[in-house]
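Please keep the sequence and the structure in view while reading.

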Amino acid sequence: MMRWSYFSIGCVVIVAAMVATSVRADDQDVIDYRVHIMKTLDEQAAAISQILEHKAPADNFTTHVQILAITAATAKKAFEPKVLGGEAKPEVWSHWADFAKRLDDLTAATADLANTAKAGGVAAAAPKVQTALACKSCHELYVEKKK
Amino acid sequence: MKRKIKIISPIALAAIFLPAVVSADDQDIVEYREHIMKTLDEQSAAVGMILSTVVPGDNMAAHLQAIALTAQTALKSFEPKVLGGEARPEVWNNWADFSKRMNDFAKNTALVAAQAKGKRSDDPELGEAVVDALSCKSCHDAYRKEKK
């Protein structure tokens, strides 16, 4: 009897460990996925910034802005599962309406920027970049920078 | 003697500052192409996660479009012959081959991005086409020196 009890407890522990592991793995996937999207936004914003500072040629400007707009449109979906972790503060989900609105605004602003760049190039789009990429106010509320 | 020092000083100063200025420009060039290559990494990883069905596939077409557009920007960023970062000198020693591979990559990713429009992310034909278009390894083996 005693032997079976230990066996049963052992099985429960193993199953619990496996379930916990698979849940963690899923959660890590969710985090990794949104990190890929946010890092893309970072990289493309940095490339645009280099062009505006004349540290890189302007040939790719319109394309970078397009990539930014496309990527911004993918971000909200990546944050929909409520999975804490990475650099996202819990406020992302506790203030979802505000967070989602800000991402929608970013999507709209970058799409507008992409259209402007397509029509008028760097000269036309440059004055709009700072407003479209006002990431700081959102990051202050929703990003917990890793040190 | 004092006069001599006055003459030497600006030259010495120039010698000190000139390499810094040049390397700052070079660093910008290296950083710019790294922004592009890292974008390709991040977006390819996102596509890989969708193909592995560990995340939903809603954004598949958008990721592929982002990859195709980024691929178009890559060649331009490697045009200045500036060694550094993860690029091997072979990039510029074998420029004809490197640029051909980059152009092929841009063409293939554009085709697969077009193919993905209106298709489900779990479409097997699309999956195969994506894997073919994103076969970065052979080019990385030849031209990338990965930092450890």
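This is a predicted model: local features need pLDDT of at least 70, side-chain atom pairs count only at pLDDT 80 or more; totals for chains, interfaces and linings use all residues.

Residues are numbered from 1 along each chain as its sequence is written, and chains are lettered from A and ligands numbered from 1 in the order in which they are written.

**The two chains**

Chain A contains 5 helices and 0 strands, and chain B contains 6 helices and 0 strands. Helices (H or I, at least four residues) and strands (E, at least two) are DSSP runs, numbered from the N terminus. The table sets out the values for each chain; a residue counts as buried if 20 or more other C-beta atoms lie within 10 Å of its own, as exposed if 12 or fewer do, and as partly exposed in between, with C-beta atoms placed from the backbone.

| Chain | Length | Buried share |
|---|---|---|
| Chain A | 147 residues | 31% of residues |
| Chain B | 148 residues | 32% of residues |

Two residues are in contact if their C-beta atoms, placed from the backbone, lie within 7 Å. Among the contacts in chain A with a separation of 6 or more, 70% join residues 24 or more positions apart. In chain B, 76% of the contacts between residues at least 6 apart in sequence join residues at least 24 apart.

Helix α2 of chain A covers residues 61-79 and reaches 28 Å from its first C-alpha to its last, close to the 27 Å expected at 1.5 Å a residue. The expected span is 1.5 Å times one less than the number of residues in the helix. In α2(B), the end C-alpha atoms are 28 Å apart, which agrees with the 27 Å that its 19 residues should span at 1.5 Å a residue. Both helices are mostly covered: 15 of the 19 residues of α2(A) are buried, and 16 of the 19 residues of α2(B) are buried.

**The interface**

At the interface, 24 residues of chain B are in contact with 27 residues of chain A. On the chain B side, α1 (2-51) and α2 (60-78) are the elements that give two or more residues. The largest share, 11 residues, comes from α1(B).

**The nonpolar core**

A nonpolar core is a set of buried Ala, Val, Leu, Ile, Met, Phe, Trp, Tyr and Cys residues joined through C-beta atoms within 7 Å. The largest one here has 65 residues, and those with the most contacts inside it are Val65(A), Leu113(A) and Leu64(B). The most, 10 residues, comes from α2(B). Leaving aside residues up to four places away in sequence, Leu64(B) touches Val47(B), Val112(B), Ala113(B), Ala116(B) and Val130(B).

**Arginine 144 of chain B**

Arg144(B) lies in the segment after α6 (137-143) of chain B. Why does Arg144(B) count as partly exposed? It does so because Arg144(B) has 17 C-beta neighbours inside 10 Å. Arg144(B) touches Glu86(B), Ala87(B) and Arg88(B), not counting residues up to four places away in sequence. Arg144(B) and Arg88(B) are 56 residues apart in sequence, while their C-alpha atoms are 5.5 Å apart in space.
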